[in-house]
Amino acid sequence: MKKIAVLAGALACASIAQAATLEARDCWVRAMPPNLPSSGYFTVANNGDKPATITAAETPAFGMTMMHKSETKNGTATMSHVDSVDVPAHGTLSFAPKGYHLMLEEPGKPLKVGSTIPLTLSFADKSTLEVNCAVKSAATVGH
């Protein structure tokens, strides 16, 4: 039983170490009329020696959060769901308009421009990263 506790402690430390090499910043969410889905954007920096894989995102402000990627191929814009996204070692990955983004559906209440909402990013190694996201007007941030 003692070995299990030591192993669990070691795994927890490894997870914390992974999270310590990651930083989320510049998070914002597009304010939309009530009952309409929104989108979320952020940048993750990975200062570690190994890639980090984002596997999920969630916020209490929405009932469902999904990762999507927008692309234009042969003049046609498409959007597809993605299960995971890699952040390269010693690199950054941005979720931005017309690229990777969060689809935020089932808002709990209307978002107020100027407020913030919490967002939790989950990684393949079971670590998590918390970031606060500014709510911005869709008219002021472009598309």
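How many cavities of 30 Å³ or more does the structure hold? There are two, a cavity being a set of points on a 1 Å grid over the protein atoms alone where a 1.4 Å probe fits but cannot get out. This is a predicted model, in which local features need pLDDT of at least 70, side-chain atom pairs count only at pLDDT 80 or more, and totals for chains, interfaces and linings use all residues. Residues are numbered from 1 along each chain as its sequence is written, and side-chain values use heavy atoms, with hydrogens and water left out.

**View 1. The whole chain.** Let's start with the overall layout: two helices and 10 strands, which are DSSP runs (helices H or I, at least four residues; strands E, at least two). From the N terminus on, the order is α-β-β-β-β-β-β-β-β-β-β-α. Of the 143 residues, 38% are buried (under 20% relative accessible area, 1.4 Å probe, protein chains only).

**View 2. The largest cavity.** Its volume is about 60 Å³, the space filled by probe spheres set on the grid points, which are joined across faces, edges and corners. Lining residues (an atom within 4 Å of a point) include Arg-30, Met-32, Phe-62 and Lys-109. By class, the lining has eight nonpolar residues, two polar and two charged; Ala, Val, Leu, Ile, Met, Phe, Trp, Tyr, Cys and Pro count as nonpolar, Asp, Glu, Lys and Arg as charged, and the others, Gly among them, as polar.

**View 3. The second largest cavity.** Here you will find about 40 Å³ of space. Cys-27, Trp-28, Tyr-41 and Cys-133 are among the residues lining the second largest cavity. Strands β1 (22–31), β2 (38–46), β8 (100–107) and β9 (116–123) each give two or more residues to this lining, whose classes come to 10 nonpolar, two polar and no charged.

Terms used
1 Å grid on protein atoms, 1.4 Å probe; cavity = no way out; pocket = protein on both sides within 12 Å on 5 of 7 lines; lining within 4 Å. Buried < 20%, exposed > 50% of the residue type's maximum accessible area, 1.4 Å probe, protein only.
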